[in-house]
Every structure is written in structure tokens, then in C-alpha cells.
Amino acid sequence: MQKAFSPQEADNIREAVFRFHMAKLPAQFRFITRIRFPEVYFLSVDNADPSPTFLARFHNNKPPVKARSAVKPRRFEVVDKVTEKEGILLSANTVRWITVSQAKVETGWHKDGRGGTFGTCLVEKQKSGWVVLYYAIRGVS
């Protein structure tokens with residue numbers, strides 16, 4: 001039987017996954033000239049807005065972080081409703097228990113029809129907290 005993480009631990013794991021993407025994306029964008037660096041990140045947890053408590057973990061982030069509902073509706077591109085700034089939608093969905101100190105998370109990012117990936121992150125609990133060991137990409141747009 002698969003053991004479940006507490007909601008707090010699942011949020012800790014998702015935070016590690018989001019921070020992993022935020023750290024890796026700028027390096028990827030340097031080599032993809034048609035994709036500009038994001039001016040804002042939007043977060044999606046299980047295809048919904050994360051809680052305000054979860055978003056508060058990113059209050060000093062640069063670029064800023066907002067909930068997925070802040071994306072302009074019915075647009076192909078990821079654009080902030082208020083500022084019209086281009087962004088990237090990061091997703092982290094169900095956290096699946098592997099061992100006491102490892103989990104897998106379905107995740108990905110989307111900018112528009114010209115940029116995005118989806119796959120699985122393997123995360124491991126270490127002394128410093130949850131760390132992404134790898135991101136296995138299953139699809140690219």
C-alpha cells in the first residue's frame with residue numbers, strides 16, 4: 001500500500017520542484033533565442049491555484065510568483081492579467097511516495113506553443129530539505 005505524505009510535506013516537495021524549475025529555466029533560455037526569460041512565474045498545484053500560504057513561500061522571488069488564476073484567460077501565451085507581462089506556468093501535481101525519503105512528482109512548464117515540457121521529477125529528502133535528483137522529460141513543445 002502506498003503511504004501518503006502529509007499536506008505540509010507534499011507542499012515542501014512541490015516547493016523544491018518549483019524552485020528546481022526556476023533555477024534551471026534561465027540557463028535553458030540562453031540557448032533558445034526565440035524564448036524570452038519570464039517576467040513572472042505562475043504556479044499550478046494539481047491543476048488549481050496553490051494556497052495563499054504556499055504562495056507566501058515565494059514572496060521575495062525574482063521574477064515574482066503568482067497563482068495560475070492570474071494568467072489571462074483564453075490566450076495561447078502565458079500572460080499576466082494585470083501587467084500584461086509574459087510568464088511561465090509551472091505545474092506540480094500529485095506527489096507519489098517511493099520510499100520514506102523519496103517521491104515522484106508529475107511536473108512541467110509551459111510558456112506558449114513554442115515552449116514547454118512535461119515529465120516526472122524524482123525528489124529526495126536530504127539534510128538540507130527536499131532536493132530534485134532529476135527531471136525525466138516525457139514531452140516537449
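Q: In which strand is the place of N93?
A: In this predicted model, the place of N93 is within the run of residues 87-99. That run is strand β3.

Q: Is N93 buried or exposed?
A: The relative accessibility of N93 is 17%, and the cut-off for a buried residue is under 20%. N93 therefore counts as buried.

Q: Which residues is N93 in contact with, leaving aside its neighbours within four places in sequence?
A: Two of these contacts, R14 and D46, also meet each other through their side chains in a salt bridge.

Q: How many residues apart in sequence are the parts that the pair D46 and R14 ties together?
A: The side chains of D46 and R14 meet in a salt bridge, with an N to O distance of 3.3 Å. D46 lies in the loop between β1 (40-45) and α2 (52-55), whereas R14 lies in helix α1 (residues 7-31), so the pair ties together parts whose separation in sequence is 32 residues.

Q: Which residue forms a salt bridge with E15 in which the closest N and O atoms are 2.6 Å apart?
A: Within helix α1, E15 and R19 lie four residues apart, about one turn of the helix, and their side chains meet in a salt bridge at 2.9 Å, N to O. The salt bridge with closest N and O atoms 2.6 Å apart instead joins E15 to R57. Since E15 lies in helix α1 and its partner in the loop between α2 and β2 (65-67), this pair ties together parts that are 42 residues apart in sequence, and the partner is R57.

Terms used. Residues are numbered from 1 along each chain as its sequence is written. This is a predicted model: local features need pLDDT of at least 70, side-chain atom pairs count only at pLDDT 80 or more; totals for chains, interfaces and linings use all residues. Side-chain values use heavy atoms; hydrogens and water are left out. Helices (H or I, at least four residues) and strands (E, at least two) are DSSP runs, numbered from the N terminus. Buried means under 20% relative accessible area, exposed over 50%, partly exposed in between (1.4 Å probe, protein chains only). Contact means heavy atoms within 4.5 Å. A salt bridge is a side-chain nitrogen of Lys or Arg within 4 Å of a carboxyl oxygen of Asp or Glu.
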